[in-house]
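I opened this notebook to record what I looked up in the structure shown below. The entries follow the order in which I consulted it.

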Amino acid sequence: MKFGTQFKEGLLTNNPVLVQLLGLCSTMAISTSFFNGIGMGIAVTIILTLSNIIIAAIRHLVPDKIRIAMFIVVIAGFVTAVDLLLQAFVPLLSKSLGVFIPLIVVNCIILGRAESFSSKNGVLASAADGICQGIGYTAVLLAMSVIREFLGAGTFGGGILGPGGIFDGGALGDGKGIQILPAKYPMGLLTLPVGGFIMLACLIAAMQWALNRPKKENNEKADGQEAKA
């Protein structure tokens, strides 16, 4: 499989969140700020890519009956390493993401790609799949984070930019975000859990509309040609 095709699938036609509907819990829970979105996206991409590589490399050595258990062991090893690194170097991100970092062990995206792709393909193809699916997941997280932060709090770049941010002499994670909308205008509802459901539903609907529109147009053209005939 070509990298371009894998990239298109990961970002659009087979996006893990908007098309496969995987990893929805973490997507809704932590997408309240740009800092959370980019942090979780990078963590999942790294774990997904490394897990895919190892699983693809040992796929012929693992008995079929214990393959799921082996997948979890491999994934858990990388999750533990990433969790400890976050605690050591980006403690505010580790605290903000909380339990959702350890829960990556059973994240449906990573287990799903291990079962459906890396256990059946070579190392290079599996690495590319991990990167592309990770990019697709990160893109959705960032879109939700930016929209929810902007409409819910009126800011952009929370955790990184603004007062207390890295460009203001503060630590990574301390930024209050750049205030764009006056405090009285944002809809605080979008920063609550229900806001995650609303925003994710809108993005899924938009993606399904975009993917199904060409098929609908082709069907209408075909029906028109049959009617003329």
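**Entry 1: Asp-129 and its surroundings**

I looked up Asp-129 and found that it touches Gln-6, Asn-52, Arg-113 and Phe-117, not counting residues up to four places away in sequence; contact means heavy atoms within 4.5 Å. I noted that the model is predicted, so that local features need pLDDT of at least 70 and side-chain atom pairs count only at pLDDT 80 or more, while totals for chains, interfaces and linings use all residues. Residues are numbered from 1 along each chain as its sequence is written, and side-chain values use heavy atoms, with hydrogens and water left out.

I placed Asp-129 in helix 7. Helices (H or I, at least four residues) and strands (E, at least two) are DSSP runs, numbered from the N terminus. Is Asp-129 buried or exposed? Asp-129 counts as buried because its relative accessibility is 3%; buried means under 20% relative accessible area, exposed over 50%, and partly exposed in between (1.4 Å probe, protein chains only).

**Entry 2: Helix 6 and helix 7**

I then turned to the helix pair. Two packed helices are described by the angle between their axes and the distance between the axes. For helix 6 (residues 108-118) and helix 7 (residues 123-153), I recorded axes that come within 11 Å and cross at roughly 145 degrees. Axes are lines fitted to C-alpha atoms, for helices over the stretch in contact, and angles run from 0 to 180 degrees between N-to-C directions.

Which residues meet between helix 6 and helix 7? From helix 6, I listed Ile-109, Arg-113, Phe-117 and Ser-118, which meet Ala-125, Ser-126, Asp-129, Gln-133 and Tyr-137 in helix 7.

**Entry 3: Val-105**

I found Val-105 in the loop between helix 5 (91-97) and helix 6. Val-105 counts as buried because its relative accessibility is 17%. Leaving aside neighbours within four places in sequence, I saw Val-105 in contact with Ile-72, Ile-75, Ala-76, Val-79 and Leu-111. The C-alpha atoms of Val-105 and Ser-51 are separated by 11 Å, and these residues are 54 residues apart along the chain.

**Entry 4: Two residues of helix 3**

I looked up Ile-46 in helix 3 (residues 34-58). Ile-46 is partly exposed because its relative accessible area is 41%. Val-79 is 33 residues from Ile-46 along the chain, and I noted 9.4 Å between their C-alpha atoms.

Ile-38 is also found in helix 3. Ile-38 counts as partly exposed because its relative accessibility is 23%. I recorded that Ile-38 touches Thr-138, Leu-142 and Ile-160, not counting residues up to four places away in sequence.

**Entry 5: Leu-21**

I located Leu-21 in the loop between helix 1 (3-13) and helix 2 (24-30). Leu-21 has a positive phi of about 60 degrees although it is not a glycine. Its relative accessibility is 43%, so Leu-21 counts as partly exposed.

**Entry 6: The whole chain**

Read along the sequence, I wrote its pattern as α-α-α-α-α-α-α-β-β-α. Its C-alpha atoms fill a box of roughly 60 × 60 × 25 Å, taken along the principal axes. Of the 229 residues in the protein chain, 39% are buried. Among contacts with a separation of 6 or more, 74% are between residues 24 or more positions apart.
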